[in-house]
Structures are given as structure tokens and as C-alpha cells.
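Read it alongside the sequence and the model.

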Amino acid sequence: MVSKKRQPAALLLGLITVCASAQPKSEQAAIDVETLRHFQALVRMDTQSPPGNEKPAADYLAQVFEREGIFVRTFALEANRPNVVARLAGNGSKRPLLIMAHTDVVNVDPSKWQHPPFSAARDGGHIYGRGTVDDKDMVTAALMTMLRLRRNLVALDRDVIFLAESGEEGTTSVGIEFMVKNHFDTIDAEYCLAEGGNATRVAGDIRYAGVETAEKFPKGIDLIAHGVAGHGSVPLQTNPIARLARAITAVTEWQPPVVLNGTTRAYFERLAEIEEDPAIARRYRDLLSSDLQLVAAADAWLRANIPTQASMLRTSISPNIVQGGYRNNVIPSEARATLDVRMHPGENPDAFRAELERVIGDDQVDVVFNGFGERPAGVLSPVDDATFVAIERAIADHYGAPVVPMMSTGATDMAFLRAKGMRCFGIGPATDQEDGPLGYGAHSDQERILESELYRFVNFTYDLVVELAGADGAASAP
Ligand SMILES: [Zn+2]
């Protein structure tokens, strides 16, 4: 298969036919009705983590699978936080495909919500509620894919495994970590599909779709400055708060080197083709050039204007907590700063820590890992293999949009699977770019999804899985 990597976006779009596998109208309507039913049922379950009570969602999913005659099991480290694994058997000629989504959601402050956070209220073409775009949309798409594969008796070259994991939002020990450590044989696969991608709508039009093929890995670091305690009326040059302030300034003014990898290089190459503002497109091209001055200027511009993209360029450092001192007239003996460090895939944590010591240049400031970020180091999923090309094709069919591979600056459960050698790709429904700044995005106080985009995502996911797992000829099955 030919990589579309270097073709201009306009040419790519010219090759695209939208919705190659459209369903007959009445059949599609029935699929949409069922999708809405499962989606609303799941959003209406309060699975906030903490405390994390994914059991109602897990029970619901298990019952749906059982009713349908699909093999399903649950695995729990904590009784109220089960993980659900369902499996459809293929002929075994290829290794399995895993579709994965998490049932927990982040917390809510109900007083801030116009529509109650667990109402799944439909209003103006949107469905509102915690989890509507993170990640009960993906749970629903994965569930509907399994049900349709079963009902349509799609012949499979590989097993298709469904995993609904608990604890993604900060307590992976009960979810993906537990599954990888104790039940990996039940989810082991060649490829996995999960959250992390999206299609970007601007002014109602799909501009491009992002597929997550890599992510940074978090590694918390504390700076601990030491000094001599004393009376505040006698200033000391060893004051640890002053030391800490100098250390924080040093690490935030220093910029770790720009590193591009297969994913970020392709990301900026393709964005340069898609971007409509020529000045921004030029910045992207400058980043890719061998002229270090151009790279530095583009990097500085991104840090000031598009910080998310700037963070993709390097291991990033954000000082987020400062602690020190306890009363006005006492010089403390210690002060501490907590840095959120997001390491570039390929970064050596120990070498980076030593580099920070060099940058700070003060042997009275300790630089120590604080235990935040238990996800394993980043491994890239390839952007030029058959799976990525199949995803591109499915996106072209359903969204009529070019694809950019993305490296997430955050972390997902895919990190644990990539570390086991699984090739993972993050996908997601179309959302309006305007929604994020308005406060309608994931983790916001008015999280919402476009209802039509939920249905499109369900169809896209199903067709993609048929393409990846179906036996020859299965792609033409209903
Ligand atoms: Zn999520």
C-alpha cells in the first residue's frame, strides 16, 4: 500500500469518496437509536474517579454482551472497579485486535453544570454530560462494533477483543496496570484502538483528523533547596527560598533541545499542507528545516502562540507547586518546588535529571523524582504500516478529511500496551475546535458531544474494525 504521507492535502481530498459503506436508511436509524440508548445509559451512571465506582457501567456492558451471546468476563482488583473483557473469535490466521475504552470519568462540580452532569441531556444537536467525549463515546463505539460484528456474522481473520477498563483517570493500578500485570493473556493483541485521536471541525467543516501514535511520559521532579534556619531579621545568603527561586527561574528559562520523531515530523509536515494561514504553515515548515535559526524562531513562536504544539517538540517542564516557610520571622531550612515534567519518547530520565542539576548549578538544591507519573516510557506506533493506512482510508471514507499522526502531550492507558509491544492508535469523534475555549471540551463543566458525530464515530469504528479484522471479503458485509 502506498503511503499518502507526502501528498498535498488537496490531492488527498480529491481521492476521497465520503461514506463508502453507508447503511440503508432504516437500518442506520435503528443503529442510531440503539447507540443513543447505550450511550445515554452509560453517561447516566455516575462513575466519577475518585472514588471510582465503575461497577454499574461494567455490569451493564457485561449484560449486553451476555444477552447477545458474546463471550464476556470481568476482572476486578477492587470489587466496585471491574474491568470488562469481551471477545469475538476469528479464524486465528492473524493476531487479535483490541478495542479499548475507559468507564471512569473525572469529577464534577454539579453547581457549574447547566445540564446536570449525569443527565445525558439532548439539546440543540448536542448530548451533555461527564464522559460524553471522555470516554463513554469510545465505550459506546466499541460496544456497538462488537454487537454489529456478531449480528452481521462478520468472518474474522483475527479475534476482536473489547476492553472497558476502570481507573484510567489517575488510578491505573485497578485498571490497565492490573490487566497488563495479571490478565495480559486476555487482552494481548497485535494492535489496539483507543481514545486519543479526534477529527477537528472548524466552523462546522471537518478540517483534518488526528490519530494518536505516540505520547509523552510523565515524570514528576521535585527541587528541594536547603539552607540554614534562622531569625528573619538577619537575612542569610543561604536562604533556601531565594535558592529555590533561582533554581525555578533557571529550569524554566532553559529550554531542553527540540527533538522530532517519526510522529511529530509527519504531524508538522502534514499540518504545513493543511494549514490555511500561510504564516503559520511557514512556521511548521521552518521547524522541519535544517537551519537551526529558523527552527529556534519557529519554536519560540509556537511557545508563545500554540503551547500544545510547542510541548510536542521537547521534554517540557512546568513548575506547579511551591512550598516553603511557615512564619514571617523564621528563615526555613528547606523549600520545595514540584515540576510536572513530560518526557519526550526516547528521553533518558536519569540523564535528564542530571542535566537539570547542571542547569541549576547549585549543590544545595536536590533534584529528585517524586513518583508522579507511573506510565512507562513512550514507544511510537508506526505511521507507515498497514494499520495506519487503513485508519487513513476509513477516515477518508467517513470524514472526507486528511489525517495527521499526533503525539499526545498527556498520557493514556495505551502507554502500558505500547510498552508491551502492542501497536496502538488513538481515534475519536469529530469535535468543534471552537468548543474547547468555550468550556465544552473533555473535563470541562459542560462536556458535550455532537449527536450526529457520535453516530458517525460509531459507523467509522465499525467499518475500521471490519477492515482490520475481517476475513477477505468481509469488508463488503452489511
Ligand atoms: Zn480519557
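Buried means under 20% relative accessible area, exposed means over 50%, and partly exposed lies in between (1.4 Å probe, protein chains only). By that rule Asp157 is buried, because its relative accessibility is 8%. The model is predicted: local features need pLDDT of at least 70, side-chain atom pairs count only at pLDDT 80 or more, and totals for chains, interfaces and linings use all residues. Residues are numbered from 1 along each chain as its sequence is written, and side-chain values use heavy atoms, with hydrogens and water left out. Helices (H or I, at least four residues) and strands (E, at least two) are DSSP runs, numbered from the N terminus.

**Zinc site**

- His102 (NE2), Asp134 (OD), Glu195 (OE) and Glu195 (OE) coordinate the zinc ion at 1.8 to 2.7 Å.
- Donors are N, O and S atoms within 2.8 Å of the metal (3.2 Å for Na, K and Ca); water is not among the atoms, so sites may look incomplete.
- The arrangement is irregular because the four donor atoms subtend angles of 52 to 148° around the zinc ion.
- Four donors count as tetrahedral if all angles lie between 85 and 135 degrees; four count as square planar and six as octahedral if opposite donors are over 155 degrees apart and all others between 65 and 115; anything else is irregular.
- Along the chain, the zinc donors follow the spacing H-x31-D-x60-E.
- Asp134 sits in the loop between strand E5 (126-128) and helix H4 (136-151), and Glu195 in the loop between strand E7 (191-194) and strand E8 (198-202), so this pair ties together parts 61 residues apart in sequence.
- Both Asp134 and Glu195 are buried.

**Salt bridges**

- The structure holds 33 salt bridges; each is a side-chain nitrogen of Lys or Arg within 4 Å of a carboxyl oxygen of Asp or Glu.
- Glu34 pairs with Arg151 in one of them, with the closest N and O atoms 2.8 Å apart.
- Glu34 lies in helix H2 and Arg151 in helix H4, so the pair ties together parts 117 residues apart in sequence.
- Glu34 is buried at 12% relative accessibility, whereas Arg151 is partly exposed at 38%.
- Asp157 and Lys94 meet through their side chains in another salt bridge (3.6 Å, N to O).
- That pair links distant parts of the chain, 63 residues apart: Asp157 is in the loop between H4 and strand E6 (160-165), and Lys94 in the loop between strand E2 (83-88) and strand E3 (97-102).
- Lys94 is partly exposed, at 39% relative accessibility.
- Glu453 and Arg201 also form a salt bridge (3.8 Å, N to O).
- This pair links distant parts too: Glu453 is in helix H16 (residues 451-469) and Arg201 in strand E8, 252 residues apart.
- Salt bridges that share partners join Arg201, Asp432, Glu453 and Arg456 into one network.
- Glu453 is buried at 2% relative accessibility, and Arg201 is buried at 15%.

**Leu36 and its contacts**

- Leu36 belongs to helix H2 (residues 25-43) and is buried, at 11% relative accessibility.
- Beyond its neighbours within four places in sequence, Leu36 is in contact with Arg122, Ile127, Glu451 and Tyr455; contact means heavy atoms within 4.5 Å.
- The C-alpha atoms of Leu36 and Leu454 are 8.6 Å apart, although 418 residues separate the two along the chain.

**Backbone features**

- Most residues other than glycine have a negative phi, and most peptide bonds are trans.
- Ser49 and Pro50 are joined by a cis peptide bond, with omega about 0°.
- Pro50 and Pro51 are also joined by a cis peptide bond, with omega about 5°.
- Pro50 is in the loop between H2 and helix H3 (55-68), and Pro51 is in the loop between H2 and H3.
- Ala120 has a positive phi, near 50°.
- Ala120 is in the loop between E3 and strand E4 (122-123) and is buried at 0% relative accessibility.
- Leu153 has a positive phi, near 50°.
- Leu153 is in the loop between H4 and E6 and is exposed, with a relative accessible area of 73%.
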